[in-house]
Amino acid sequence: MNSVEAKILLKQFKANDKDAINKLYEMFSRKLYNFAFSYLKTEEDALDVVQTVFINLWDKRKNISDDSNLESYLFTVTKNTVISTFRKKVQEKKYLENLRQTTVLSYNDTDEKYDYEILYEKIQKLIEELPEKRRHIFKLYKEEGLSNKEIAEKLNISVKTVEDHKTKAKHFIKNNLEKSGFIALLLFEVFL
């Protein structure tokens with residue numbers, strides 16, 4: 001697309017032309033996704049970033065200068081959204097760690113003391129009971145922090161197969177922890 005076509009498209013977009021946003025999405029979404037994915041390493045996060053960028057673009061369409069380089073603008077917004085995503089993940093991690101500590105401390109103050117180490121050992125035993133391939137996939141996910149795509153590539157299987165094994169592993173562990181009470185399930189959800 002040459003600069004004249006880009007300016008016409010930008011004018012149509014600023015005039016609330018919904019076809020223009022669709023054209024812009026078709027032109028830039030893949031590039032923005034690849035850019036976001038290169039930093040975030042998960043499909044879900046990269047897709048969320050692209051969606052946020054286009055919502056932001058639509059919301060601020062009236063403020064965009066007619067002389068703007070739209071591609072440059074979109075990549076700047078994408079970069080800033082990626083940074084915000086990283087900040088949010090750091091805050092979530094701190095929150096979950098605080099929740100874990102608070103939960104363990106407050107639970108230890110009750111009559112039904114629950115030893116976190118016993119729970120951890122129980123979860124490890126349940127993981128060892130998983131079928132070999134499922135156990136291997138689950139450990140790659142939880143212990144090495146690999147994404148579904150990375151596991152699939154490493155084991156030469158489909159991403160869908162990885163997701164299926166992870167879901168079945170979590171279901172098996174969760175079902176076996178239900179007998180251990182609410183705190184066991186909470187800790188499982190928060191940390192596994």
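**Close-up views of a helical chain**

**View 1. The place of Lys41 is the loop that runs between helices H2 and H3.** Helices and strands here are DSSP runs numbered from the N terminus, with at least four residues of type H or I for a helix and at least two of type E for a strand. The model is predicted, so local features need a pLDDT of at least 70 and side-chain atom pairs count only at pLDDT 80 or more, while totals for chains, interfaces and linings use all residues. Residues are numbered from 1 along each chain as its sequence is written, and side-chain values use heavy atoms, with hydrogens and water left out. Lys41 has a phi near 65°, a positive value in a residue other than glycine. With a relative accessible area of 44%, Lys41 is partly exposed (buried means under 20%, exposed over 50%, and partly exposed in between, with a 1.4 Å probe and protein chains only).

**View 2. Asn16 stands in the loop between H1 and H2.** Asn16 is not a glycine, and yet its phi is positive, at about 70°. Most residues other than glycine have a negative phi. The relative accessible area of Asn16 is 34%, which means that Asn16 is partly exposed.

**View 3. The whole protein chain is built with nine helices and zero strands.** Read from the N terminus on, the order of elements in the protein chain is α-α-α-α-α-α-α-α-α. Of the 192 residues in the protein chain, 33% count as buried.

**View 4. The largest nonpolar core has 22 residues.** Such a core is a set of buried Ala, Val, Leu, Ile, Met, Phe, Trp, Tyr and Cys residues joined through side-chain atoms within 4.5 Å. The residues with the most contacts inside this core are Phe13, Leu24, Leu32, Phe54, Leu57 and Leu74. Two or more residues are given to the core by each of helix H1 (3-14), helix H2 (18-40), helix H3 (43-59) and helix H4 (70-108), and the largest share, eight residues, comes from H2. If its neighbours within four places in sequence are left aside, Leu57 is in contact with Phe13, Ile21, Leu24, Ile64, Leu70, Tyr73 and Leu74. A second, separate core has nine residues, among them Leu130, Phe138, Ala169 and Ile173.

**View 5. Helix H6 (residues 132-142) and helix H7 (residues 148-155) have axes that come within 10 Å and cross at roughly 135°.** Axes are lines fitted to C-alpha atoms, for helices over the stretch in contact, and angles run from 0 to 180 degrees between N-to-C directions. H6 and H7 are therefore oblique to each other (under 35 degrees counts as roughly parallel, over 145 as roughly antiparallel, 65 to 115 as roughly perpendicular, and the rest as oblique). From H6, the residues His136, Ile137, Leu140 and Tyr141 meet Ile151, Lys154 and Leu155 in H7.

**View 6. The axes of H7 and H8 are 8 Å apart, and the two helices pack at an angle of about 110°.** H7 and H8 are therefore roughly perpendicular to each other. On the H7 side, Asn148, Lys149, Ile151 and Ala152 take part, and they meet Val159, Val162, Glu163 and Lys166 in H8.

**View 7. H6 also packs with H8, at an angle of about 95° and with the axes 9 Å apart.** That makes H6 roughly perpendicular to H8. H6 brings Lys133, Arg134, Ile137, Phe138 and Tyr141 to the contact, while H8 brings Val162, His165, Lys166, Lys168, Ala169, Lys170 and Ile173.

**View 8. Lys160 belongs to helix H8 (residues 159-177).** Lys160 is exposed, because its relative accessible area is 63%. Lys160 and Lys149 are eleven residues apart along the chain, and their C-alpha atoms are separated by 9.3 Å.

Note on methods. Contact means heavy atoms within 4.5 Å.
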